[in-house]
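Subject: Structure for your files

Dear colleague,

Here is the structure you will be working with.

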Amino acid sequence: MLRVRNLSRSFKGVNAVSDVSFEARDGEITGLLGSNGAGKTTTLRMICGLLVPDRGEAMVDEVDVTRDKVRARMQLGMLPDSRGLYPRLTGRENVAYFGNLRGLSQEEVDRRLTPMAEELSMSDLLDRRVEGFSQGERAKIAIARAIIHEPRNVLLDEPTNGLDVMSTRAMRTLIRRLRGEGRCVVFSSHIMQEVSALCDVIVIISDGEVVARGTEEELLAQTETNTLEDAFVSLSTTLEEAR
Amino acid sequence: MNQLLVVFRKELRDAIRDRRSVLSALIFPLLTPLLLIFVFQMAVDEMENPPAMRVAIAGEANAPGLVEELLAHDVEVEAMERDVLADAVREGEFPAALDIPRSYGERFREGFPAPVFFYKDGAARRHRRTADRIERVILGYSATVGTLRLISKGVPPATGQPIQVTAVDLSSSKARAAELMNFIPVLVLFACFMSGMYVAMDVTSGERERGSLEPLLLTTSDLRMLVLGKLGAALVFAIAGSVLTLVGCVFAFGQLPQEAMGFSGAIDASAAWMILLLMLPLAAMATALQVLVATFARTVKEAQTYLSLFMLLPMFPVMFLSVKAPALTAWMAPVPILGQYLLINELLAGREVLWSYLGLAGLASVTVGVVAAWATALLLGKERVIFGRS
C-alpha cells in the first residue's frame, strides 16, 4: 500500500513534480501514465527515498519514507530507470548480490530465483556472465534483482522499455502474478496499450501534476472518449488550456 | 557489518575477473625485480669488463717513452692526423685523444715541463670514466719520471710531494648499497598508489557509468558499510601489489653479486617488516583518496583523468626527495609520503628508526584515509552523484 500526498519537487527552480497525490492499494496494479518528462520517474524516486521531496510525503505501508527510509525500503522493491548490472558477474551473482544485501542467504536466493527464472524464461541466463546479454535479458535479471526480497510493494519504472514481444509478455505475466499475490504494484509508462492492458487504476501525470485518476472506464466516461489515448490527449490539453 | 562483507566479497570477485585491475596491481611487482636485476647486471658488467682504453694520438714519434708507457697499461694507441683529433673525440669515436707537439722531445730531454694536449668530452657519459683512466696513466708516467729525476740529482723524491692525500671512504657498505637502494622507496611508494587504482575507479565511477548505483543504493541505507566494503576490495589489490613489489625488491637485492659490487645488497628481515608496516597505512590512505576522487567522476574515463593528476601527488615529492633528501626530523614523520620515504631510506641504510616515528607515520596516513572514506559516504548519498549520469 502506497500513499502519496502533495509530493512536490523542483530542480533549479523548475517544478518537476507539484502536488502529486495518489493511492496505490494492495492487490491492484496502478499505472502512472505520462509523456516523457512528465515527472513519473521523479515521483518514483521520491517514493523510494532516493530524492528528498521539497514538500509532501510518501507512505509505504504507513511508514513515512523521509522519516524512516530503512523500514520503508524493506517492503519496497524498485526497478529504476537505470538498470545497470555488473557485466563480470553472472546473472545469478547479480541477483544474489542484492539479495544478500537485503539479508537473504545464498540458498534462499537460489530457492526464490529458480521459479522466477522459469517464469521469465531466463533459466539458461543465470550462470552466464552478464556481458553480452541483450537488453531484454538484462531487463529480466534487473527485475529479478529488484524483487528478490519479495516486497509487498513494487515500483517499476517503464519496465517494458526496449523489450521485444516475448519479453514484454513475460514481464506482464510477472506483474499480474505479483498482483495475484496481493502485492501493491505501481508502474510508470508512456505506452497507452500497456497501461490499458494491465492497470486497474490509472493516474495520469502531465507537467508534474496529476490531471486525472481512476479506472480506464472512469477516465473514458469523464472525457467522453473511446480510447485511453484520446482520453489522455484530452486531459493533457485541458490542462494546457487551463493555463 | 554483514552488508560490509557482502559488498567486499562481491567487489573482490568482480575485480579479480577484471583483467585491467589485476594487471595494474601486478605490473609493479612483475617489473620491479626484472628492472633491478637488469640495472645491477649492467653495473657489474662495467666493473668486471671495463671498456677498452683507446686513444687517438698525433705526433707519437715525439714521445716514444710516453707511448710505451701507455701500451704497457693496455691503452690502445692509434695514430691520427693532428687536425682531426678533436673531431674524433667530439664525435665519440675515441674516448680521448692525445696531441704531442714537436717541442715535447726537446723540452723533455732538457728537464722542462713537456707539453701534451689531452682531449676529452666531459659531457659524454659513456666515455668519461675511460678518459679519466687514460689521463691517470699519463699523470702517473709524469710522476714516475719526476721521481726518477729527483733521485738522479740526489734529491729525496719526497721533496716533490709536499702533501700526501689518502682518501678514506667512510660510507659503510650498507650506505653505499643504499645509494642503489634509492630505487626501493620510489618503487614501493608508487606501488601503493598504482596497485589499487583501477579497482578504486571501478567500484565508484564504474558504478555510476553502468547505472548500477541507483539500484544499489536502494538495497542499503548505511552508505558507510557500502564505502568500507568497496574500499576494502580496492585495498586488497593495493596491498597485494605493494607487498609483492617489496618482495620483488628484497629478492632482486638478494641476487646482487656481492663480490663484484663490493657490498652486500641483502635487506635484513626486520627492516623489510618495518617497511611493510610503513606501507600498509600509506596504501590505505592512497586507496581511500582514490575512491573519494573517483566518486566525483561520472565515468571510469573521467576518473582516470582525475587520478592521473592525483598520481602527481606521490610523484613530485618522491622526485624531489630522490635528488635532495632532507634529514629526518620529528615533524616529517607524520607527513604522508615524505615520512614514509625518509623512514624507508633510513631502514635501508641500516640505521635505527624510532618506533614512535613509525607509529606517527601510520597514524597520520590512516587518519587521512578515514576522513576520505567518511567524505565518500557523504558524497555517495548526494542526488547529483546518484543521478548525475552523463
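Predicted model: local features only at pLDDT ≥ 70, side-chain atom pairs only at ≥ 80, totals over all residues.

Chain A overall

Chain A has 243 residues, and 48% of them are buried. Its secondary structure consists of nine helices and ten strands. Along the principal axes, the C-alpha atoms of chain A fill a box of roughly 55 × 40 × 35 Å. The radius of gyration of chain A is 18 Å, which agrees with the value near 18 Å that a compact globule of 243 residues would have. As for contacts within chain A between residues at least 6 apart in sequence, 69% of them join residues at least 24 apart.

An open sheet in chain A

Four strands of chain A form an open sheet, and their order is β2-β1-β4-β5. The pairing in this sheet is antiparallel. At the edges are β2 (14–24) and β5 (63–64) of chain A, each of which pairs on one side only. Inside the sheet, strand β1 (residues 2–11) of chain A is joined to strand β4 (residues 55–60) of chain A by five bridges. To find this pairing on screen, look for A:Arg3, which stands opposite A:Met59 in β4(A).

Where chain A touches chain B

The contact between the two chains takes 22 residues from chain A and 19 residues from chain B. On the side of chain A that touches chain B, the elements giving two or more residues are α2 (69–74), α3 (91–101) and α5 (135–147) of chain A. The largest share of that side comes from α3(A), with four residues. Sorted by class, the side of chain A that touches chain B has 13 nonpolar, three polar and six charged residues.

One residue in chain B

B:Asn49 sits in the loop between α2 (19–48) and β1 (53–58) of chain B. Is B:Asn49 buried or exposed? B:Asn49 has 8 other C-beta atoms within 10 Å, and the cut-off for exposed is 12 or fewer, so B:Asn49 counts as exposed. B:Asn49 and B:Pro113 are 64 residues apart along the chain, and their C-alpha atoms are separated by 35 Å.

Regards

Notes. Residues numbered from 1 in each chain as written. Chains lettered and ligands numbered in written order. Pairing = 2+ DSSP bridges. Contact = placed C-beta atoms within 7 Å. Nonpolar A, V, L, I, M, F, W, Y, C, P; charged D, E, K, R; others polar. Rg over C-alpha atoms; globule rule 2.2 N^0.38 Å. Buried ≥ 20, exposed ≤ 12 C-beta atoms within 10 Å, placed from the backbone.
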